[in-house]
Amino acid sequence: MEPLILKQKSRRASGIGITPDMDLILVNLIDGLVTGLLLFMLSAGLTLIFSMMGVLNFAHASFYMLGAYFAFQISLYIGFWMGLLIAPLVVGVLGAGVERYGLRRVHQYGHVPELIFTFGLALLIEEVVQFIWGKNQMPYATPEILQFTAFSIAGNSIPAYKIFMIFISIAIFIGLLYVLTRTRVGMIIQAALTYPKTVEALGHNVPLIFMGVFGVGTALAGVAGVIAGPVLGTFPGMAFVLGSIVFVTIVIGGLGSLWGALVASLLIGWITTFSKAYNLRMEDLLTWAGFTKPEPIWDSAWRDLWSITSPQIADILPYILMVLILIFRPYGLFGKRDA
Amino acid sequence: MTDQFTSDPSKPAQRMRAGSMVIPLVPWGIAAVLLMVLPFIFTANSAITIMNQMAITIIFALAYNMLLGQGGMLSFGHAVYAGVGGFACVHIMNMDDFFAGIPLPLLPIFGGLMGMGLATIVGSFSTRKAGTVFAMISLGVGELIAACSVIIVAFFGGEEGISGDRTYGMPFFGVEFLQQIEVYYLIAAWLLISAALMYLYSRTPLGRMANAVRDNPERAEFLGYSARWVRFFSFVASGFFAGVAGALFAVNYEILTEENLNTTQSGLILLATFLGGVGFFFGPILGAIVFTLVQTVLSLQTELWGFYLGIVFVVTVMFFPGGLAGLIMMHVPAMRLGKLGRLGIPYLKTLGAGAVGCLGAAALIEMTFHLRHASAGDHSMTLYWITFDSHTMLPWIVAIAVTLIGFGIVRATAPALAEAWNDANTPDGAPR
Amino acid sequence: MSAALELDGLKKSFGQTEIIRGVDLSIGKGERHAIIGPNGAGKSTLFNLITGRFPQTEGAIRLHGQDLAGKAPFEINRMGLSRSFQITNIFPKMTVFENVRCSLLWSMGYRYNFWSMVGRSRALTKGTDEILDQINLTARRDLPAGVLSYAEQRALEIGITIAGGADVIMLDEPTAGMSHSETDYIVDLIRTVTTGKTLIMVEHDMGVVFGLADQISVLVYGEIIATGTPEAVRANPKVQEAYLGEALETH
């Protein structure tokens with residue numbers, strides 16, 4: 001998730017170290033928020049789908065990638081904004097189609113084959129993307145109208161696109177929350193989440209609801225792809241890079257918990273951002289804890305431990321966090337015991 | 001394999017039926033002979049390389065199926081156990097004094113123990129639940145360890161990995177494993193031993209309970225077994241054999257890198273195992289053989305092999321969840337009825353036409369790919385040993401015609417095949 | 001007769017709702033005890049509490065005098081209590097023979113054994129075949145359990161439940177959804193296979209209850225309103241009022 005931290009280099013160059021600095025903290029809070037919200041846009045859809053259908057959609061991040069590629073292709077002809085509008089719809093329709101013609105068929109075999117199916121789908125989508133667009137990164141860029149500095153904090157400029165990302169994600173969540181809690185459809189969905197059989201008995205078309213939820217969930221992933229593509233890069237590996245983090249996120253949050261997904265997404269966003277921004281060194285930590293550095297260090301079996309820095313391990317911190325959480329809270333932060 | 005409980009021989013009525021007692025030795029004998037003579041049939045060095053790769057993949061796939069097929073646990077990070085076993089073995093190869101004291105054929109035991117050790121640690125928290133939770137934990141842990149390979153350089157050697165030399169081991173009856181063929185027999189021997197052990201494991205009380213827990217963990221708990229511990233033991237055993245596979249990889253290639261650990265590798269073994277079929281013991285063996293052939297042979301022919309593999313995999317999951325082994329075992333009832341022969345001609349018609357149609361479709365895909373991605377001005381492409389200009393109409397017309405005709409015949413002959421299938425599976429004289 | 005199973009002030013709440021509201025019950029060794037009651041009285045919950053499927057909110061459960069608090073189902077099973085399920089709960093993909101054999105493994109001391117072949121133990125095979133014989137499924141021995149008829153699956157369920165040699169057997173509506181002839185068959189089966197064991201069952205069919213049980217407890221709204229012999233319970237005015245009168249009329 002490196003490219004999100006657009007101003008990383010200049011900040012390091014200005015020589016800000018470990019000293020607490022409110023401005024810098026603010027900058028990183030914004031950066032982490034962007035990452036976290038992006039993660040939540042994926043994990044929210046994934047959680048909705050999981051809690052309703054019991055299926056963990058391994059290909060979820062692939063729909064995110066499709067969102068980025070579709071938006072890129074559309075933006076070539078009719079511009080970024082139409083891409084933002086159309087690409088998620090296309091992705092959502094594709095997702096609904098996958099549910100209708102793929103998952104529903106595999107469903108009869110059980111949850112593990114379902115998971116294997118979505119895994120195969122993820123592989124296939126990556127291959128298809130490579131087939132159509134090739135292996136190289138696409139020149140998908142932020143729209144010109146947003147290529148300016150929104151404001152600066154102590155010399156760190158915050159690009160307008162970042163603010164745009166935050167607003168888009170928050171707007172979508174408010175919309176989602178509204179639909180889920182204030183509309184009739186939302187009520188039915190919520191009921192179907194917990195009592196699918198009862199809802200079906202009441203005459204609602206549960207398979208249609210499932211298909212709709214799957215479509216909306218994947219469309220959400222598509223939106224995430226559209227807005228993240230220009231900053232994180234639009235390339236065939238993008239699904240994989242983000243995908244495993246998203247799965248880790250929902251495990252940390254607790255499978256099936258929307259709040260858990262939100263908290264875990266923001267937590268991961270901030271942890272990775274901060275550990276990249278502040279160069280904490282294991283050497284300092286070990287020295288502080290009273291260990292003496294073995295000399296010569298290059299010959300010691302512990303040399304790797306001593307040379308670890310926080311930016312170096314930033315990307316694996318979510319996994320470490322997951323393992324720790326699973327050991328101490330097997331059901332995740334907000335998971336129900338019987339999930 | 002001693003028997004703890006013996007019945008009273010004076011009561012013949014209590015003697016068990018012979019069927020469930022005899023472990024079928026014939027297939028194992030055939031396998032052993034086949035492994036012996038294969039290098040005399042395929043003598044080329046490249047063939048031996050492929051066979052080595054195949055044998056290693058078979059062990060790994062069988063180990064993987066201890067989880068997926070027999071235990072119902074879907075792992076997205078099983079390459080880690082093989083990889084770590086392999087890394088440990090390369091380190092042993094590099095410990096001059098120690099390695100000089102052990103013969104190379106014993107090295108896989110260390111790899112196995114390493115894989116088992118790691119599986120014990122990870123399994124202690126990952127096997128609490130099966131299903132989705134287990135799958136996600138396996139993915140996370142797999143990613144974590146793969147990512148560690150660039151951080152813990154002392155063990156994993158960073159991006160370039162670590163390498164060793166197998167020939168520094170203690171000579172084994174004079175053999176120093178300088179030649180590929182010697183390595184082949186080492187791997188083949190381990191293949192036979194590991195496969196037999198894994199097969200026998202599936203016949204032990206723990207192996208049977210693994211199946212029970214897979215099918216109905218709750219019921220198993222009410223029979224006195226902790227589902228968690230049963231899963232844990234399966235996981236540890238699987239880790240051991242994965243480690244053996246990793247060790248053999250180390251012996252064969254003498255180098256291990258991050259690629260041996262990462263999620264791609266884990267995904268590939270899932271692919272191979274599932275394509276072969278998780279429901280039968282021999283499924284992963286078939287899967288590993290076919291998959292290795294596809295990986296080594298098809299990848300030389302086309303850049304798009306991953307694309308085809310993806311399609312085949314998704315189709316398998318959707319329509320043939322039993323994999324290749326399931327497809328084969330589908331024919332057992334017809335065989336018992338002695339009517340398998342009646343399927344021959346209909347199969348030839350439909351599947352032959354289907355194959356032609358697939359080749360046509362593949363040609364279309366290849367040509368589209370060429371049209372889109374070949375460098376500008378490069379119009380000439382070679383397909384099925386024919387070189388032509390991909391920007392002219394003729395090849396397209398031919399490919400489209402072949403595809404349509406092929407699939408057309410499939411459609412036309414499918415009812416006859418279904419008819420023949422019903423016929424072959426109905427005892428003669430029985431009302432249909 | 002000392003008690004095989006004792007319930008002492010047992011309570012269970014799900015959220016705000018108290019389902020089991022203080023149950024005291026003592027079931028003697030060798031007794032055939034039926035728990036009856038109207039729908040929603042908490043019979044299945046009581047079963048699930050005793051077998052460790054849910055933890056209780058308050059009170060104690062003692063099996064042969066040993067407290068079961070905090071014990072997992074497999075631990076309770078090892079202490080000699082076995083149960084069947086209201087919804088057939090077998091291993092559908094395994095053969096009938098294997099279904100029964102799985103339930104013999106622990107009690108025959110195999111535990112997590114991974115060094116001996118199950119197929120080679122004569123005692124195991126003999127024991128399994130004996131159970132199959134008792135539940136009349138010998139002819140179905142090598143079929144996958146999933147293809148059996150409903151009544152056969154219920155019989156297999158009972159076979160799995162008793163095979164482990166537990167001395168306290170709990171059956172949850174063993175005749176649910178059966179025809180008359182099937183019911184008669186299963187009742188005979190239960191009577192044979194539980195000889196000399198403590199039997200606790202939940203049952204709706206009054207014919208089965210009065211034919212099989214020598215003690216009956218009536219559970220209404222999470223409380224036991226009467227316990228006694230079939231005659232005593234039948235005559236109990238409280239029971240008449242709450243439940244039985246109506247049920248007897250319809251039977």
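Two residues are taken to be in contact when their C-beta atoms, placed from the backbone, lie within 7 Å. In the predicted model described here, 39 residues of chain A are in contact with 37 residues of chain B. On chain A, the side that touches chain B draws at least two residues from each of α4 (80-106), α5 (111-133), α10 (238-253), α13 (303-306), α14 (310-313) and α15 (317-328). Of these helices, α5(A) provides the largest share, with 13 residues. Sorted by class, the side of chain A that touches chain B consists of 28 nonpolar, six polar and five charged residues.

Chain B was then examined by itself. Its secondary structure comprises 18 helices and four strands. The chain is divided into two parts: domain 1 covers residues 36-322, and domain 2 covers residues 332-424. When the centres of domain 1 of chain B and domain 2 of chain B are taken over C-alpha atoms, 34 Å separate them. The C-alpha trace of chain B spans about 65 × 65 × 45 Å along its principal axes.

Burial and contacts within chain B were also computed. Chain B has 432 residues, of which 44% count as buried. Among the contacts in chain B with a separation of 6 or more, 79% are accounted for by residues 24 or more positions apart.

Technical notes. Residues are numbered from 1 along each chain as its sequence is written. Chains are lettered from A and ligands numbered from 1 in the order in which they are written. This is a predicted model: local features need pLDDT of at least 70, side-chain atom pairs count only at pLDDT 80 or more; totals for chains, interfaces and linings use all residues. Ala, Val, Leu, Ile, Met, Phe, Trp, Tyr, Cys and Pro count as nonpolar, Asp, Glu, Lys and Arg as charged, and the others, Gly among them, as polar. Domain bounds come from an automatic or database domain assignment. A residue is buried if 20 or more other C-beta atoms lie within 10 Å of its own, exposed if 12 or fewer, and partly exposed in between; C-beta atoms are placed from the backbone.
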